[in-house]
Amino acid sequence: MPPKTTKPKKPESKGAVVPAWHVDFRNADGLPDVKPIRTSFFINGIAALVAAGIALYFANQELQLYSLRSQVAQLDAQIEADRRPSAEAVQQFQKFRAEEKKLKEVAAFVDRRIHPSDFLLRLGEILPENIIIEVVDLRDGTFTLRGSVSGTPDEASGYASGLVEILNEDETLGPLFDDAALTSLVRNPATGMLNMEIQLPITPKE
């Protein structure tokens, strides 16, 4: 007969294991931060980088402002140093323009087919005996004759007016000028004669 096999007995079922219970007295907020790198380190590091960046920015701005101030000071010094030579150059240029204008007026007069010496010679030929020409001035396109006239006031006035008519009607000098005009006739107490001034505007070249 085959041997009887006995079935293993089923273990007796045990009730569910209940873990031991106890009160958790831990204060999580009060526990130390045991992480290798603390969060506050990142926060402080970022704040320090931001502060350093702002400081570098303002330092760069101040450096640029200092450079600009230095350049402005150098330019002001250069302008001040050049001011006097520039003013002198302007004065010299103005004098040159004035002399150039006089030369052009003389050239325009000469170009009217009469030389200044010929003008003076012709003026001496037509000048009445009781009139003395002391100054011949060319300025702003006008010849000015200044001189003295002898005689009584009425006679001197007549002589001066007569010279103006002679200048306007002279065949040599008349075409060179617009209408000659007596601009001043005043008695000189020192000489008893009349001081005369006649202006002769140069006729523009056609």
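Of the 206 residues of the protein, 17% count as buried, where buried means under 20% relative accessible area, exposed over 50%, and partly exposed in between (1.4 Å probe, protein chains only). The model is predicted, so local features need pLDDT of at least 70 and side-chain atom pairs count only at pLDDT 80 or more, while totals for chains, interfaces and linings use all residues. Residues are numbered from 1 along each chain as its sequence is written, and side-chain values use heavy atoms, with hydrogens and water left out.

The accessible surface comes to about 16700 Å², and carbon and sulfur atoms hold 59% of that area; accessible areas come from the Shrake-Rupley method with a 1.4 Å probe, and for residues only the protein chains shown count as cover. Among the contacts (heavy atoms within 4.5 Å) with a separation of 6 or more, 56% come from residues 24 or more positions apart.

The protein has 3 helices and 4 strands, and from the N terminus on these elements run α-α-β-β-α-β-β. Helices (H or I, at least four residues) and strands (E, at least two) are DSSP runs, numbered from the N terminus. The strands make an open sheet in the order S1-S2-S4-S3, with antiparallel pairing; two strands pair if DSSP finds at least two bridges between them. Strand S1 (131-139) and strand S3 (181-187) stand at the edges with a single partner strand each, so one side of each has no neighbour in the sheet. From one strand to the next, the twist averages 15°. Helix H3 (residues 153-169) lies across S1, S2, S3 and strand S4 (194-201), and runs at about 15° to S4. Here axes are lines fitted to C-alpha atoms, for helices over the stretch in contact, and angles run from 0 to 180 degrees between N-to-C directions.

S1 and S2 form a hairpin with 2 residues between them, and aspartate 140 in the turn has a positive phi of about 55°. On the S4 side, proline 201 is the bridge partner of threonine 142. Because 7 of the 8 residues of S2 are buried, this strand is largely enclosed by the rest of the structure. Threonine 144, in S2, is buried at a relative accessible area of 7% and is the bridge partner of aspartate 137. Beyond its neighbours within four places in sequence, threonine 144 is in contact with Val135, Val136, Asp137, Glu197, Ile198 and Gln199.

Aspartate 137 also brings us to the charged pairs. A search of the whole structure finds 4 salt bridges, each a side-chain nitrogen of Lys or Arg within 4 Å of a carboxyl oxygen of Asp or Glu. In one of them, aspartate 137 meets arginine 139 (3.6 Å, N to O), and aspartate 137 counts as buried at 18% relative accessibility. Arginine 122 forms a salt bridge with glutamate 125, with the closest N and O atoms 2.9 Å apart; these residues are 3 apart in helix H2 (residues 116-126), separated by about one helical turn. Glutamate 125 is exposed at 58% relative accessibility, whereas arginine 122 is partly exposed at 22%. Arginine 122 also forms a salt bridge with aspartate 170, the closest N and O atoms being 2.5 Å apart. This pair links distant parts of the chain, 48 residues apart, with arginine 122 in helix H2 and aspartate 170 in the loop between H3 and S3. Aspartate 170 counts as buried at 8% relative accessibility. Through shared partners, salt bridges join Arg122, Glu125 and Asp170 into one network.
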